[in-house]
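Here is a short note for a colleague opening this structure for the first time. Please keep the view at hand while reading the points below.

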Amino acid sequence: MQQENKQTTGMYFLLLLVPLFWGGAFGAAKHIITEVPPITTAAFRFGLAGLILFAAARFSSEWNSTKIKEQWMALLLMALTGIFGYNVFFFMGLEYTSAVNGSLIVATTPVFVTLGAVLFLGETWSARLGLGLIISLTGVFLVIINGSFQTLKELQFNAGDLLFIAALICWGVHGLIGKVVLAKVSPFLTTTVTTIVGSIFLTLLSLLEKGWGKVLSMSYQAWGEMAFMVFCASIVGFFLWNKGIQKIGASRASMYMNLVPINAAWIAFFLYDASISWQQIAGMLMVIFGVYVSTTSQHKRKKIEIKKAI
């Protein structure tokens, strides 16, 4: 039991890498799509990641055809929602609405995942979890609107917002299905299969963009950013995300999503010369505190249970 508790504690810290990598991928992708069409970018990213994961799975004997056949429908749904659907709706949404609108909608992801996990997966709800959720969401909104409520007044909703809501639903369903699948399939195999399948669908759709010829002519900066997205954001990021859902549950793992725009903001500040305000810094601190409050509630409770068992 003590060993299991140490592994869970380590998972809370390892999950901090997920929003770090995904936040960094936001700025990287924003630059790459100025050279290569968005769906083609996503297809290349996940396609290359899928090939690497498949080779690693075969080499390490992680590949299990029996498990895949048993859970093929759930794995397919995870690929269609978390890899294919989310990326397609996200990039399509950006073409019709503002980044502020999109960020505000996506920022509600932890709310929907938490409610879904409590209602359908039997995960525990607590006042501390709810408080942490409210604090972190408030911080996210501060970061996104840059502390100016005038930004909210000027918001105009359109068809693009519906696409972002579809992306939100895709990601929520992906996390909830993942909780069920990961009880029977290892996080590594789950990541491998969903990445491969998702990339196939993205590749088929990307043919409509006719942008694959631009991949070879990408700049050195774009190639470096693509390498980061493939290895860090896709392979390591999705593996840790699936592992986190398995270890601490979908609701608490989803809280780390609030850190994505935070990391995106400071990475853009240091690497892409973006500006950052004191209101955004205050929002970042609120998000960090909110995530701490919500994720430590279950961890402390587990420690008490283990001590009683001993």
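**Notes on selected residues**

1. Start with asparagine 87. It counts as buried, because its relative accessibility is 8% and the cut-off for buried is under 20%. Bear in mind that this is a predicted model. Asparagine 87 sits in helix α5. Its C-alpha atom is 7.1 Å from that of alanine 42.

2. Now take helix α5 as a whole. The helix covers residues 72–96, which makes 25 residues. From first C-alpha to last, α5 reaches 34 Å. That is close to the 36 Å expected at 1.5 Å a residue. The helix also has a bend: about 40°, at glycine 85.

3. Is asparagine 263 buried or exposed? Asparagine 263 is buried, because its relative accessible area is 11% and buried means under 20%. Its place is in helix α14, residues 259–271. A polar atom of the asparagine 263 side chain lies 3.1 Å from the backbone oxygen of proline 19.

4. Next, the loop between α11 (187–206) and α12 (220–248). Tryptophan 212 is placed in this loop. Tryptophan 212 counts as partly exposed, because its relative accessibility is 31%, and that class lies between under 20% for buried and over 50% for exposed.

5. Which residues make the nonpolar surface patch of about 460 Å²? They are Ile200, Phe201, Leu204, Leu207 and Trp212. So the partly exposed tryptophan of the previous point is one of the patch residues.

6. Lysine 210 lies in the loop between α11 and α12. Its phi is near 55°. That is a positive value in a residue other than glycine. Lysine 210 counts as exposed, because its relative accessibility is 74% and exposed means over 50%.

7. Serine 61 also calls for a check of its backbone. What is the phi of serine 61? The angle is near 65°, a positive value in a residue other than glycine. Serine 61 is found in the loop between α3 (38–59) and α4 (65–70). This serine is exposed, because its relative accessible area is 64% and the cut-off for exposed is over 50%.

Notes:
Residues are numbered from 1 along each chain as its sequence is written. This is a predicted model: local features need pLDDT of at least 70, side-chain atom pairs count only at pLDDT 80 or more; totals for chains, interfaces and linings use all residues. Side-chain values use heavy atoms; hydrogens and water are left out. Helices (H or I, at least four residues) and strands (E, at least two) are DSSP runs, numbered from the N terminus. The expected span of a helix is 1.5 Å times one less than its number of residues. The bend at a residue is the angle between axes fitted to the seven residues ending there and the seven starting there. Patches are made of residues with over 30% relative accessible area and no salt bridge: like charges are joined within 9 Å, nonpolar side chains (Val, Leu, Ile, Met, Phe, Trp, Tyr) within 5 Å. Accessible areas come from the Shrake-Rupley method with a 1.4 Å probe; for residues, only the protein chains shown count as cover. A salt bridge is a side-chain nitrogen of Lys or Arg within 4 Å of a carboxyl oxygen of Asp or Glu. Buried means under 20% relative accessible area, exposed over 50%, partly exposed in between (1.4 Å probe, protein chains only). A polar contact is a pair of N or O atoms within 3.5 Å; within protein, one must be able to donate a hydrogen and the other to accept it, and residues adjacent in sequence count only if both atoms are side-chain atoms.
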